[in-house]
Amino acid sequence: MSKMKVGIIGCGNISAAYMKNIPNYAHLELVACADIDVSKAEARAEEFGIAHAYTVEQLLGDPQVDIVINLTIPAVHAAVCIQILEAGKHAYVEKPLAVTREEGQQILEVAKRKGLLIGSAPDTFLGGGIQTCVKLIQDGWIGTPIAATAFMMGKGHEHWHPDPEFYYAKGGGPMFDMGPYYLTALVALLGPIRRVTGSTAVSFPERTISSEKKRGQKIQVETPTHVAGVLDFHSGAIATLVTSFDIMAGTQLPNIEIYGSHGSLRVPDPNTFGGQVLIRKGGSDYEPIPLSHGYKDNNRGLGVAAMAQALLTGDSSAHRANGELAYHVLEAMHGFHDASDSGQHYVMKSSCEKPAAMNPLTVL
């Protein structure tokens, strides 16, 4: 069976999940890893039995590497993706695609010029939970989708993260941290977004770290920590999305619900691959629906496997976690903030294809 050889740049915490999962996909073979701190690459290579621990330049110069997964910090996502593409290799990057819209456009332009694929996390929407919901909507279980709600609300990373400062700096905040999961899921379920509006707030200008290592240190907040938005989809559906680090006592609100002309659908946490799917019709209670699709565990790397399938088969629809989708999500995230600042709707300039539904029998 044909395989695409994979290299990873960035050997921090998130890399372990990719390194564990990649050997489980039929069309992927992990052959190299790299980091600006080569000792981190060497440690990961030994831990996961990876043949080569490289500098970034060495990995990009290795002719056997077909796809490079970019797991660097968001601030350099764009620069590293462009390096990968210019080296003649397909690129897949952790979310978000880039920090700014301009950087995101540059990535897409280089990929097009080089005739290469760009993919981006999250790929959780390819898991059994959300794909079951996609199938239920397609099969008419709730009728025509009319509206949706989505909530990601908590009390902030300073309560548990050892280094939470980034989440309150420019380019951070709840929308850019967790928004990609929710927006990607909504596009997979309802299609591309036409326009957005939003209101943002900095509820607590100063946060105190209560997690270990930096307990008691103060963080000056430089980005909105509560973002409430409304999305109009080209399909006609309207969604409400709230992301917040300011909900100190927690909430019982569902992650995502889709409301149709004949029923309602409760979608699992979009930051997971599996989860429970619930459906409600008329005045009945919500009832659980068995998952129709596989990939229910932490299958991080599923988007890379689908990209490899597209490359090997020539079926472009298999490349679902693609750059156009990731850019559309990036633009929408900025759009909420722009709408709040301007007091006007933000009309989306980009669009994307609604990702093709997964076949329940697909094994990547």
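This is a predicted model: local features need pLDDT of at least 70, side-chain atom pairs count only at pLDDT 80 or more; totals for chains, interfaces and linings use all residues.

Reply: Residues are numbered from 1 along each chain as its sequence is written, and side-chain values use heavy atoms, with hydrogens and water left out.

Eight residues of domain 1 are in contact with 12 residues of domain 2, where contact means heavy atoms within 4.5 Å.

In an unreviewed entry, residues 131-266 are listed by UniProt as "domain: GFO/IDH/MocA-like oxidoreductase". Over residues 131-266 the chain is 19% helix and 35% strand, where helices (H or I, at least four residues) and strands (E, at least two) are DSSP runs numbered from the N terminus. The end C-alpha atoms of residues 131-266 are 13 Å apart. The unreviewed entry also carries the annotation "domain: Gfo/Idh/MocA-like oxidoreductase N-terminal", which covers residues 4-117. That stretch is 41% helix and 21% strand.

The bond from A121 to P122 is cis, with omega near 5°, and P122 is placed in the loop between β6 (118-120) and α6 (128-138).

The helix α6 itself is mostly covered, as nine of its 11 residues are buried; buried means under 20% relative accessible area, exposed over 50%, and partly exposed in between (1.4 Å probe, protein chains only). Among the buried residues of α6 are I130, C133, V134 and I137. What do the buried residues of α6 pack against? Their partners are β7, α7, β13, β14 (264-267), β15 (277-280) and β16. After α6 comes G140, whose phi is positive, near 85°.

Two of those partners, β7 and β13, also pair with each other: they run in the antiparallel sense and share five bridges. Two strands are said to pair if DSSP finds at least two bridges between them. Here A150 stands opposite I256 in β13. The strand β7 is also joined to β12 by seven bridges, and β7 and β12 run parallel. In this second pairing, A147 stands opposite I238 in β12.

The aromatic rings come next. Rings of Phe, Tyr and Trp (its six-membered ring) pair if their centres lie within 6.5 Å, and planes under 30 degrees apart count as stacked, over 60 as edge-to-face and the rest as tilted. By this rule the count comes to three aromatic pairs. One of them joins F166 and Y167 edge-to-face, with 5.5 Å centre to centre and 70° between the planes. F166 counts as partly exposed because its relative accessibility is 40%, whereas Y167 counts as buried because its value is 15%. Another edge-to-face pair is formed by Y168 and F245, at 5.7 Å centre to centre and 65° between the planes. This pair links distant parts of the chain, 77 residues apart: Y168 is in the loop between β7 (145-153) and α7 (173-190), and F245 is in the loop between β12 (238-244) and β13 (256-260). Y168 counts as buried because its relative accessibility is 0%, and F245 counts as buried at 2%.

A charge meets a ring as well. The charged end of R266 sits over the ring of Y286, 4.4 Å from its centre; this requires NZ of Lys or CZ of Arg to be within 6 Å of the ring centre and within 35 degrees of the ring normal.

K213 is not a glycine, yet its phi is positive, near 85°. K213 is placed in the loop between β9 (206-208) and β10 (218-220). Is K213 buried or exposed? K213 is exposed, because its relative accessible area is 61%.

Methods
UniProt positions are given in the numbering used here, feature names are shortened, and annotations may be inferred rather than shown by experiment.
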